[in-house]
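Good morning, and thank you for coming.

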Amino acid sequence: MIYRPFLSCIFLSIPSVIAQLSLPSTPWQPPDASAGSQASVQAIVPNAQWATLLGNSLYFYEAQRSGHLPATKRVSWRNDSAVNDGADVNLDLSGGYYDAGDYIKATFPLTFTLMSICWGATDFGRGYDLANQTEYLDDMLRWGLDWLMKAHPSSTTLYVQVADANLDNAYWGGDVNLPTDRPSYQINNTATGTDAAAGAAAAFAACSALYSSRSLGSSFSSPASLQNSTYAATLLAHAQQLYSFALSGPQQTYQTAVPEAGTAYASSSFGDELAIAALFLAWAGNSSDAYADAQRWYAQYGLAGSDAVFNWDSKTPGVHVLFSQLALAEPSLAGNLSGWQAESERYFDNILNSQETTKGIRRGLLWYPGDSDDASLNPALNAAMLMTRYAQIATTPAKKSAYLSFAQNQVDYVLGNNPMSAPYVVGSNPNSPSNPHSAMASGGNDIGQIDTSPPQEAYVLYGAVVGGPDKKDRFYNIRSDWPETEVALDYNAPMLTLAAMHVLNDTSDPYYTRLQAGAYEQSKPSGQPCDPAFPCHSGLSSGAKIAIGVVVGLVGAVLLGLAGYYAYQVRKRRQFRY
Ligand SMILES: *[C@@H]1O[C@H](CO)[C@@H](O)[C@H](O)[C@H]1NC(C)=O
Ligand SMILES: *[C@@H]1O[C@H](CO)[C@@H](O)[C@H](O)[C@H]1NC(C)=O
Ligand SMILES: *[C@@H]1O[C@H](CO)[C@@H](O)[C@H](O)[C@H]1NC(C)=O
Ligand SMILES: *[C@@H]1O[C@H](CO)[C@@H](O)[C@H](O)[C@H]1NC(C)=O
Ligand SMILES: *[C@@H]1O[C@H](CO)[C@@H](O)[C@H](O)[C@H]1NC(C)=O
Ligand SMILES: *[C@@H]1O[C@H](CO)[C@@H](O)[C@H](O)[C@H]1NC(C)=O
Ligand SMILES: *[C@@H]1O[C@H](CO)[C@@H](O)[C@H](O)[C@H]1NC(C)=O
């Protein structure tokens, strides 16, 4: 049965752009990076270093804000920008977040980010409370959700992007003189986008559940204290409308309707978005019809048995975990606990078994060939996040401890336990990257001289998780090297959830307090990276290599009957970055 909410009686309220929980009268500000080299003297919960990391991770999103910035703004070097977004379609589409190191607003990865953060704040929400960051979480979520409501001005219209990615990539500079030609791209009932609509439904539903303080049944935690039933109901209404919209008209990926969106964030499928949207709707609305839909999409789109990465384009691994959580938390709604646990554990055990081992010890960064070749930290952090969440309901103590220790190893790697001695979060420690690929933070305006103009990045983009090192653990810290140094909304999302868990459950510091001053400078590789931003000299262009990789991949996929797998491996997202 297809879940059809009562659309006719829903009136979407006018979004507010003001934080509802009041922000502290003395704003919380990230401390200087040197604070990240001070080991804590007391082993207590909450650990102050993890609380700071959580605060910094949220602060990054504030730096990414678009539109009129409120009086409560904490990022002194940011200005109002793109305040006329939507004028081309007679709408106010100002606000929201810039996607990455550039100035497009991209709905599909934004909705993944919001879904991820709301889910994490449901599971480990007490971490935000203990760190005194719940007001900033509320502020961060509303800045995104309120914009998403504006981007959903009628039941069958959703704006999926503002600004053209190719034009935008031709601009490098601050936020004051952005190019004014910023077209707004929509999906609607004649140009549908099943994944984008369902992805937005999933974000609204996950956040509605958070704002209604629905616990996912964990005994150790509870949702962050930002309950607001009015806001939760508004979010749920948007979720229901968007889900119905996703099911109406031809089912297709959104870049089929809006080719411009394919430049940065082409989606590979929509079955995973339908399934996760239906599940979050089932949860937020306690709806057995939506739950039945989720089971149906799971079967219809063959989501079982997937070993895919978890990211903005590929949500299936989260579906298994959420099915398991619902079966435990609300047995009257959901069932098959052991079936979903078996599927989740198959997926996680395959990750564990895929890890290279040295003397039986798993080490190093989890690597997905293809997917990890740029923004290598993202797949690893997302896996660590899902395992940390799932470990709480694993079937055996041995599995629980294997998942938690794997996740811990990945997080330690990201926070400095790596051959570079680099914690890959900007401004967290003196060894953190100093050249994140961010036009607004760089202070430069010469696209031909990104690395040298100015020599030192103008502003510290506190809390930003950068792309990450290459397969040989090398990190070059070069501003124009977007595969390694770019920042993005979705890169930070798992770090919030992981940091919140550590705030509430970890007395020891993040790894980086152990690093010596100058450790990264000593480990830093010489020479240049070898990636799409710095093509290296092997006789083949990087485009030719990608093409060969795809052909080899396709042959393998056909032979193994894994068609579709390689679609995930070709990340179109950053082929158009510098
Ligand atoms: C949170 O605020 C309380 C009350 O002001 C304070 O005692 C505590 O130290 C703060 N916690 C953190 C981690 O900053
Ligand atoms: C914001 O404006 C100020 C004052 O004009 C300028 O110094 C600063 O660089 C601007 N910020 C960005 C991100 O361009
Ligand atoms: C529907 O969306 C398509 C693709 O963005 C667009 O070309 C078309 O103008 C839209 N239709 C309406 C009525 O706005
Ligand atoms: C709850 O959210 C609504 C809608 O944003 C807002 O108007 C109201 O002030 C909020 N209430 C509280 C107690 O925060
Ligand atoms: C969800 O619905 C079921 C069945 O209608 C009911 O038993 C249960 O109490 C509901 N839970 C909540 C939280 O409303
Ligand atoms: C139970 O879970 C498994 C995943 O292990 C799934 O394939 C199966 O369809 C589920 N069965 C039902 C009745 O939902
Ligand atoms: C907290 O740590 C303990 C001991 O490692 C573990 O059993 C528990 O599951 C952890 N809780 C969370 C939320 O990770």
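The protein has 20 helices and 5 strands. Here helices (H or I, at least four residues) and strands (E, at least two) are DSSP runs, numbered from the N terminus. Please keep in mind that this is a predicted model, in which local features need pLDDT of at least 70 and side-chain atom pairs count only at pLDDT 80 or more, while totals for chains, interfaces and linings use all residues. Residues are numbered from 1 along each chain as its sequence is written, chains are lettered from A and ligands numbered from 1 in the order in which they are written, and side-chain values use heavy atoms, with hydrogens and water left out.

Of the 578 residues of the protein, 60% count as buried. Buried means under 20% relative accessible area, exposed means over 50%, and partly exposed lies in between, with a 1.4 Å probe and protein chains only. As for contacts, meaning heavy atoms within 4.5 Å, those with a separation of 6 or more were examined, and residues 24 or more positions apart account for 77% of them.

Let us turn to a pair of helices. At what angle do the axes of H1 and H4 cross? The axes of helix H1, residues 48–63, and helix H4, residues 134–150, cross at roughly 35° and come within 10 Å. Such axes are lines fitted to C-alpha atoms, for helices over the stretch in contact, and angles run from 0 to 180 degrees between N-to-C directions. The crossing of H1 and H4 is left-handed; that is, the near helix is turned anticlockwise from the far one by less than a right angle, whereas clockwise would be right-handed. On the H1 side, Leu58, Tyr61 and Glu62 take part, and they meet Tyr136, Leu137, Asp139 and Met140 in H4. By class, this contact has 5 nonpolar, no polar and 2 charged residues. In this scheme Ala, Val, Leu, Ile, Met, Phe, Trp, Tyr, Cys and Pro count as nonpolar, Asp, Glu, Lys and Arg as charged, and the others, Gly among them, as polar.

Ala121 is found in helix H2 and is buried, with a relative accessible area of 0%. Ala121 and Pro223 are 102 residues apart along the chain, yet their C-alpha atoms are separated by 5.7 Å.

Next come the disulfides. How many does the structure hold? There are 2, a disulfide being a pair of cysteine sulfur atoms within 2.5 Å. In one of them, the sulfur atoms of Cys118 and Cys207 are 2.1 Å apart, and the link is right-handed, with 95° about the S-S bond. Cys118 lies in helix H2 (residues 107–123) and Cys207 in helix H6 (residues 194–211), so the pair ties together parts that are 89 residues apart in sequence. Cys118 is buried at 0% relative accessibility, and Cys207 is buried with a relative accessible area of 0%.

Cys530 and Cys536 form a disulfide with their sulfur atoms 1.8 Å apart. With bonded cysteines counted along the chain, the pattern is 1-2, 3-4.

I close with the backbone. Most residues other than glycine have a negative phi, and most peptide bonds are trans. Against that background, the peptide bond from Val45 to Pro46 is cis, with omega near 0°, and Pro46 is placed in the segment before H1. A cis peptide bond also joins Ser453 and Pro454, with omega about -5°; Pro454 is found in the loop between H16 and H17. Asn477 is found in the loop between H16 and H17 and has a positive phi, near 60°. Ala163, in the loop between strand S2 (158–162) and helix H5 (165–168), has a positive phi near 90°. Both residues are buried: Asn477 at 7% relative accessibility and Ala163 at 3%.
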